[in-house]
Amino acid sequence: MAKSKTKYVSIPSTTILPERDASREPVLKCVNLGITLGGIKAVEDFNFTVGRTEIVGLIGPNGAGKTTVFNLLTKVYQPTTGTILLNGRDTHGMNTMQVNRAGIARTFQNIRLFKNLSVVDNVKAAMNNDMRYNMLSAILRLPNYRREEIAAHRRALKLLSIFDMQDMADVRAGSLPYGAQRRLEIVRALATNPSLLLLDEPAAGMNPSETADLMDNIRKVHEMFQIAIILIEHDMSLVMNICEGICVLNFGHVIAKGTPDEIQSNPAVIEAYLGRRKESA
Amino acid sequence: MTMRRLINLKRVEARRIYLTYGIVILAYIICQTMSSTKFLSSSMRGMLVPICAYMVMAVSLNLVVGISGELSLGHAGFMSVGAFSGVATAILLQKVLPFAPVRLAIAMIVAAIFAAFAGFLIGIPVLRLKGDYLAIVTLAFGEIIKSILNNFYMGVDSGGIHFSMLTDTTRLLKGGRLIIKGPMGISGIQKISTFPAGFILVMIALMIVFNLVNSRSGRAFMAIRDDRIAAESIGLDITKYKMMAFVTSAALAGAAGALFAMNYSTIVANKFDFNTSILILVFVVLGGQGNMLGGIIAAAVLTILPEKLRQFSDYRMLLYAIILIVMMLATNNAEIKNFLTRLNPFKRKEEVE
Amino acid sequence: MIFLNFFISGISLGSIYAIIALGYTMVYGIAKMLNFAHGDVIMVGAYVCFYAISRYGLNPFVGVALAMAACTLLGIIVERLAYKPLRQAPSLAVLITAIGMSYFLQNTALLLWSSNPKVFPSIIGRGSFKLFEGALSVSHVTALTIATCLIIMVVLSLFISKTKLGKAMRACSEDKGAAQLMGINVNATISLTFAIGSGLAAIAGALLCSAYPTLMPTTGSLPGIKAFTAAVFGGIGSIPGAFLGGIMLGVIEIFAKAYISSQLSDAVVFGVLIVVLLVKPSGLLGKQTQEKV
Ligand SMILES: Nc1ncnc2c1ncn2[C@@H]1O[C@H](COP(=O)(O)OP(=O)(O)O)[C@@H](O)[C@H]1O
Ligand SMILES: [Mg+2]
């Protein structure tokens with residue numbers, strides 16, 4: 001492909017839809033976030049704000065740096081530059097575990113379930129920090145062990161039932177069908193009580209009817225838990241349907257921000273993303 | 001529809017746990033009656049306690065290797081810390097506590113505490129490493145523990161307990177007793193370990209590990225084993241849980257070491273070398289990682305086997321090596337494995353995913 | 001001057017470790033396995049050399065050449081029979097197999113050559129160079145060991161970086177699948193790696209036993225473990241790392257024996273390894289990899 005010599009310049013403002021979070025403090029605010037990986041600037045000057053209960057889409061061609069943004073937010077990679085404010089708190093110096101405890105939960109593009117655990121244990125593992133009983137209670141099966149385990153089990157089943165998975169509770173996670181594995185990752189992330197949920201290509205590999213169900217479920221989760229969601233997705237109908245704001249990445253830079261309608265008609269986006277897709281299709 | 005073909009983990013697991021307890025109890029009853037009715041040869045009877053100790057070692061190492069997914073090549077080190085601290089405790093208590101079973105129990109508890117402490121100290125640096133690097137460092141620690149115990153002297157006299165390193169400079173008063181004698185280890189041990197005590201320790205080890213595995217800690221161990229990054233992303237404290245598994249495992253190994261040592265009149269640090277660590281690892285791998293029953297059976301079989309091979313005298317260890325290699329090839333080579341599964345219709349049904 | 005003497009013995013012992021560590025590191029780099037039987041290949045090499053020289057009265061260097069041939073063959077056979085079927089198996093199974101192979105070699109040696117220690121004749125006599133009017137004495141074996149190690153280092157580095165086979169080895173250790181697609185015969189390359197590593201082990205065996213003449217079926221075990229430590233120390237998978245690690249380990253060991261305690265020297269060596277890994281978790285020259293998520 002003869003790459004055009006376009007120099008991408010990131011959009012400076014952090015907000016996608018300025019009118020949305022005028023009053024309340026945003027869940028997430030990134031300023032000039034960037035990282036160099038293997039000599040290339042995988043993400044540069046990433047400015048981004050997500051409101052309390054917003055669903056925003058993060059789109060862009062393969063290799064644009066979308067997953068890298070998630071890895072930066074969750075500190076799987078340490079940012080080379082920039083600041084991440086989570087609920088107003090700087091996450092500088094935190095690790096992945098601490099960021100999760102501070103409110104970010106995520107799924108992975110390449111599914112990362114606890115394969116040898118049962119479905120319900122995957123979810124209960126994520127509720128670990130809610131449980132209080134200690135090792136001795138577990139070894140001696142003291143009453144607080146039983147009480148908390150039963151409560152956790154009930155809550156796990158309830159969460160699974162959102163995605164209609166309660167019947168698979170005792171199945172080994174690794175042997176689930178692909179679509180179910182993706183849904184289980186979402187349930188597991190939700191079980192940590194996040195205020196911001198990051199979904200990395202949740203519909204990848206799903207058929208259209210599964211995708212439609214997934215869309216309903218994401219809406220349901222959003223309504224039930226009143227949390228913010230960032231969605232990376234290549235299925236444009238899914239993104240355009242459920243996202244309030246969309247941010248487009250290309251070669252590590254934000255090239256456009258706006259409502260779904262604005263994005264669909266943005267010439268830079270069409271060139272960088274939709275245009276290229278037409279070419280290869 | 002397809003769900004019926006998926007394994008119901010909960011049921012399989014519960015069945016396996018009860019089966020394990022059941023088989024251990026049954027084996028104990030059989031061995032105990034055989035031994036009291038003199039059906040068991042004296043050499044076999046002498047092996048009952050070591051077998052129990054090795055079974056506990058297998059369960060203990062399985063917690064690290066099978067459940068937590070970390071390779072440890074120095075587990076015999078914890079066994080030796082337990083053996084030395086346990087035996088020393090028993091000797092110190094000899095006058096105060098004439099009733100042997102209580103002395104044995106206290107010695108095992110002290111042994112477990114010392115080994116757990118060693119596990120904690122070693123865990124601090126070790127658990128920051130991954131994979132093969134972690135393995136080599138556990139190997140290194142096993143060797144260090146052996147070196148230190150080989151040069152450690154401890155004696156007791158009316159003035160209290162005295163220690164020294166490298167050479168015996170304890171300068172005990174008259175009537176004092178040098179308990180740990182460097183490379184000579186400890187001698188004159190009262191053999192107070194019994195088969196029932198060994199059985200109880202095996203049951204306790206199983207209870208601890210099974211109950212731990214089915215708790216929030218166990219889920220965390222296995223989650224970290226299956227996917228470290230995902231485990232961090234749901235807020236699990238990797239260091240804390242790895243340490244918990246490592247220390248628990250070390251404590252069990254320590255108790256096993258005390259049980260083992262008090263079955264002999266002399267014990268030296270060189271008994272717990274790299275080869276012993278490997279032997280225990282072999283129990284775990286042959287029994288199936290994470291499979292407690294398998295590890296226990298492997299421990300028993302591989303302790304008895306060399307004895308039974310004694311008639312082949314010189315060829316004994318050679319045969320052992322060949323069996324080891326062939327077993328690994330048979331259980332891990334896809335072609336051979338397929339061939340074996342085809343022969344066994346019962347197994348095939350269970351393994352469908 | 002005493003210090004210098006210790007230093008030279010350290011480098012000499014370290015050279016032996018380095019030659020052995022090469023075998024570990026090359027095999028690890030390409031097959032991602034810890035070949036615990038490598039130490040016992042040294043022992044086999046030493047025995048072959050011993051019999052060639054003492055029983056059949058051959059020239060010592062012919063003896064070493066025979067030992068190299070035997071070990072190369074042994075390395076290839078072991079890889080084909082025991083490790084190749086386990087290419088896809090979990091690493092723990094491969095590790096246990098390697099340990100089984102180690103027991104196998106030791107016990108075969110025990111049956112063939114008995115447990116009675118043999119006194120190994122030095123391949124280059126027991127003379128020594130006297131320097132500084134006799135204040136510093138360097139034995140011929142020490143000099144030969146250090147020289148051999150240097151030569152091996154240069155030749156091997158050239159082989160790896162310049163020749164086609166060397167490049168194939170590097171390609172296979174980066175990515176076996178891609179190497180295969182590029183037309184490299186992966187199985188042959190792995191065999192070649194085992195062959196080179198085992199051939200070097202034979203040289204190490206002859207040098208080791210020339211310096212420390214007691215030869216028994218277990219002779220290879222401890223140097224094997226030490227060299228393995230050296231390989232990890234330098235960064236397993238890295239060839240310069242194996243040299244650096246080997247030499248440093250030898251020097252540390254001799255100094256620990258001389259200035260701390262001869263009984264605790266092993267503990268000191270392993271202690272230094274632990275400290276190094278804490279500071280540099282992938283060894284001195286190993287490369288740290290970031291997992292893609
Ligand atoms: N760990 C890493 N090391 C080197 N390069 C990386 C790493 N992770 C991602 N990259 C590079 O960063 C760029 C962005 O990747 P990614 O975020 O996965 O894109 P996508 O938008 O498809 O999710 C790619 O060029 C990728 O190769
Ligand atoms: Mg991606």
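Select E149(A) and K124(A) to begin: both residues are buried, where buried means under 20% relative accessible area, exposed means over 50%, and partly exposed lies in between (1.4 Å probe, protein chains only). This is a predicted model, in which local features need pLDDT of at least 70 and side-chain atom pairs count only at pLDDT 80 or more, while totals for chains, interfaces and linings use all residues. Residues are numbered from 1 along each chain as its sequence is written, chains are lettered from A and ligands numbered from 1 in the order in which they are written, and side-chain values use heavy atoms, with hydrogens and water left out.

Keep that pair on screen, since E149(A) forms a salt bridge with K124(A), their closest N and O atoms being 3.4 Å apart; a salt bridge is a side-chain nitrogen of Lys or Arg within 4 Å of a carboxyl oxygen of Asp or Glu. The pair links distant parts of the chain, with E149(A) in helix 5 (residues 143-162) of chain A and K124(A) in helix 3 (residues 119-126) of chain A, 25 residues apart; helices here are DSSP runs (H or I, at least four residues), numbered from the N terminus.

Next, select D130(A) and R155(A), whose salt bridge has its closest N and O atoms 3.0 Å apart. Here D130(A) sits in the loop between helix 3 and helix 4 (135-140) of chain A, and R155(A) in helix 5 of chain A. D130(A) counts as partly exposed at 39% relative accessibility, and R155(A) is partly exposed too, with a relative accessible area of 27%.

Now move to chain C and select K226(C) and D266(C), whose side chains meet in a salt bridge (3.2 Å, N to O). K226(C) lies in helix 9 (residues 221-234) and D266(C) in helix 11 (residues 265-279) of chain C, 40 residues apart, and both are buried. Over all chains, the count comes to 15 salt bridges.

Stay in chain C for helix 1 (residues 2-31), whose 30 residues should span 44 Å at 1.5 Å a residue, the expected span being 1.5 Å times one less than the number of residues; the end C-alpha atoms are 43 Å apart, which agrees.

Finish at D216(A), which is in helix 7 (residues 208-225) of chain A and is partly exposed, with a relative accessible area of 45%.

Methods:
Helix = DSSP H or I, 4+ residues; strand = E, 2+ residues; numbered from the N terminus.
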